[in-house]
Amino acid sequence: MFIGAKVRARVRSGLRRGVFPRSGRSGRLRLVLFGAMSICLLFGLAASGRVGGGTASGAGNAPTSAAPFPLSVHQVSLGMHRGQILGTATITNAGNRRLRSTTGSVGVNRGSSGKATGVLAFSVPSLPPHRSTRVRFRARLVRALPVGSGTYTVLICTDIYSQIRRFAQNTNCSRGGRLAIARRSRPRATGAAPRTIIRTGPAGLSRSSAAVFRFVSTIGHGSFECSLDDGPWLACSSPKTYSAVVNGAHVLDVRAISPLGEEDPTPAHRSWTIDTVAPKVTLSSPVSLSRMDDHKPVFSGAAGTAPGDSSRIKVTLFSASGTLGSPLRTLRATVFDGRWVVAPTRPLADGTYRARAAQSDRAGNTGVSALSTFTIDTTSPSHGSGGVVSQGAKTSAPKSYSVGGTVSGLSGMVVLQDNGGDDLSVSRNGAFSFATRLASGAAYNVTVKTNPSGQTCSV
């Protein structure tokens, strides 16, 4: 048997669909705590949202299918001449944006799965939208290739070094016909198989789009083949450098080949992730060049939400005079639903300030907002108790909002939070209100930090 105990929270100045409307109408939330002897629940239209004049209900968050691979291969002509593979092909940029220069390869594959063995690599120049280039192939002697006799499928692959997007054989490669390779005069491989060891190279997160790998074989005087992102095996040597590799997760396989042609059956493997993009953080409040009579202005803005982006924002305040030197004050905010908000706990003196927000990610990239310059002036007679904000010749009363409500049926003490901070301990029934007021457009998120004894709180 449960005894109902309700905490009713009112968002003052209005709440509709989790948003503080400009009209200032009131909405309500209810809190319910579940426990062995009592219940207290916070229900409502939303326990989190954004204050101000409205929100986009999920706009821009719908999943979108990946764009098709922009490079296509056609008009392929291949053949054998004096033991070499010769041919031509047309590479077309079928996309709607200019593509950077990249690298392609011609490879052969006997089965329907597995990596192709690269015969040669070729350059693809930068291509404008819907433009083509003609490439010519001339491979080394077939008898020198690490393949046996038989009939092979020829694969022409583009962007084999993941310079446009991460390589995927089923989309980056096109069939170029069948090719019969006669038995090689090279003696059959015998002896011990080599073992490949990758000595150095990136691992984990990297802020560089370039990667350099050094590797060795347990059997000397042999050769190596490398495969990036499950691409074709291509002859390589240590050190091997890959440049302008796109952001994202990548893998490199390296296999040693002995002087007698014996391949390492278990190639060395290395994986890493490239992240060169800093989080996109903004500072939208206070509005730059604004004036206010509030000694504790609310700072808010948008934050990056990509994987690895920090959930913490650092807001740094500087003096408006001279260059940016030592900060006057540093504030820290928590990201909720792509937004952040924070206010100083100690009042700021009258004067002009500059502020900017910063957000880092796991790779060590740091994004910074544009500088916002604002003035606090509580002595001007034009400023009333409403916290007048002006910008240029225009003057208007800013909208700020408090989050609060009433508690009923509570036994003990519950600690509530708004936006991961602004702790509020409530130990009796009646009205409550969070101390920090929120500017129009700022996000809010009411949560329970600490449950009362014998009760479990949920939003």
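The legends below describe close-up views of a predicted model.

**View 1. An aromatic cluster is built from Tyr161, Phe213, Tyr242 and Trp272**. Ring pairs link these four residues. The structure holds seven aromatic pairs. In one of them, the ring centres of tyrosine 161 and tyrosine 242 are 5.3 Å apart. Their planes stand at 70°, so this pair is edge-to-face. Tyrosine 161 sits in the loop between β11 (150–158) and α1 (169–172), and tyrosine 242 in strand β18 (residues 240–242). The pair therefore ties together parts that are 81 residues apart in sequence. Both tyrosine 161 and tyrosine 242 are buried.

**View 2. Phenylalanine 213 meets tyrosine 242 edge-to-face**. The ring centres of phenylalanine 213 and tyrosine 242 lie 6.4 Å apart. The planes are at 70°, hence the edge-to-face label. Phenylalanine 213 belongs to strand β15 (residues 211–217) and tyrosine 242 to strand β18. Parts 29 residues apart in sequence are tied together by this pair. Phenylalanine 213 has a relative accessible area of 0% and is buried. Tyrosine 242 has 3% relative accessibility, so tyrosine 242 also counts as buried; the cut-off is under 20%.

**View 3. Aspartate 229 and arginine 166 form a salt bridge**. Side chains of opposite charge can pair when their charged atoms come close. Here the N to O distance is 3.5 Å. Aspartate 229 is in the loop between β16 (223–228) and β17 (234–236). Arginine 166 is in the loop between β11 and α1. The bridge thus ties together parts that are 63 residues apart in sequence.

**View 4. Arginine 255 and glutamate 225 meet in a salt bridge between strands**. The N to O distance is 2.6 Å. Arginine 255 lies in strand β19 (residues 248–257), and glutamate 225 in strand β16. The pair therefore ties together parts that are 30 residues apart in sequence. Arginine 255 counts as buried, with 10% relative accessibility. Glutamate 225 is buried too, with a relative accessible area of 3%.

**View 5. Aspartate 377 forms a salt bridge with arginine 291**. The closest N and O atoms are 3.0 Å apart. Aspartate 377 is found in the loop between β28 (372–376) and β29 (389–391). Arginine 291 is found in strand β21 (residues 290–292). The pair links distant parts of the chain, 86 residues apart. Aspartate 377 counts as buried at 13% relative accessibility. Arginine 291 is partly exposed, with a relative accessible area of 32%. Elsewhere, salt bridges that share partners join Lys115, Asp230 and Asp253 into one network. A search of the whole structure finds seven salt bridges.

**View 6. Strand β26 holds arginine 356** **and threonine 352**. The strand covers residues 351–360. Arginine 356 contributes to a positive surface patch, together with Arg312, Lys314 and Arg332. At 30% relative accessibility, arginine 356 counts as partly exposed. Threonine 352 is partly exposed as well, with a relative accessible area of 35%. Which C-alpha to C-alpha distance separates threonine 352 from phenylalanine 374 in space? The value is 5.7 Å, although the two residues are 22 residues apart in sequence.

View 7. Proline 239 lies in the loop between β17 and β18. Proline 286 lies in the loop between β20 (268–274) and β21.

**View 8. Positive phi values occur at serine 162** **and alanine 244**. Phi of serine 162, a residue other than glycine, is near 50°. Serine 162 lies in the loop between β11 and α1. Serine 162 is buried, with a relative accessible area of 0%. Phi of alanine 244 is near 55°, again positive in a residue other than glycine. Alanine 244 is placed in the loop between β18 and β19. Alanine 244 is partly exposed, with a relative accessible area of 30%.

Note on methods:
Residues are numbered from 1 along each chain as its sequence is written. This is a predicted model: local features need pLDDT of at least 70, side-chain atom pairs count only at pLDDT 80 or more; totals for chains, interfaces and linings use all residues. Side-chain values use heavy atoms; hydrogens and water are left out. Patches are made of residues with over 30% relative accessible area and no salt bridge: like charges are joined within 9 Å, nonpolar side chains (Val, Leu, Ile, Met, Phe, Trp, Tyr) within 5 Å. Accessible areas come from the Shrake-Rupley method with a 1.4 Å probe; for residues, only the protein chains shown count as cover. A salt bridge is a side-chain nitrogen of Lys or Arg within 4 Å of a carboxyl oxygen of Asp or Glu. Lys and Arg count as positive and Asp and Glu as negative; His and the chain ends are not counted. The place of a charge is taken as NZ of Lys, CZ of Arg, CG of Asp or CD of Glu. Helices (H or I, at least four residues) and strands (E, at least two) are DSSP runs, numbered from the N terminus. Buried means under 20% relative accessible area, exposed over 50%, partly exposed in between (1.4 Å probe, protein chains only). Rings of Phe, Tyr and Trp (its six-membered ring) pair if their centres lie within 6.5 Å; planes under 30 degrees apart count as stacked, over 60 as edge-to-face and the rest as tilted.
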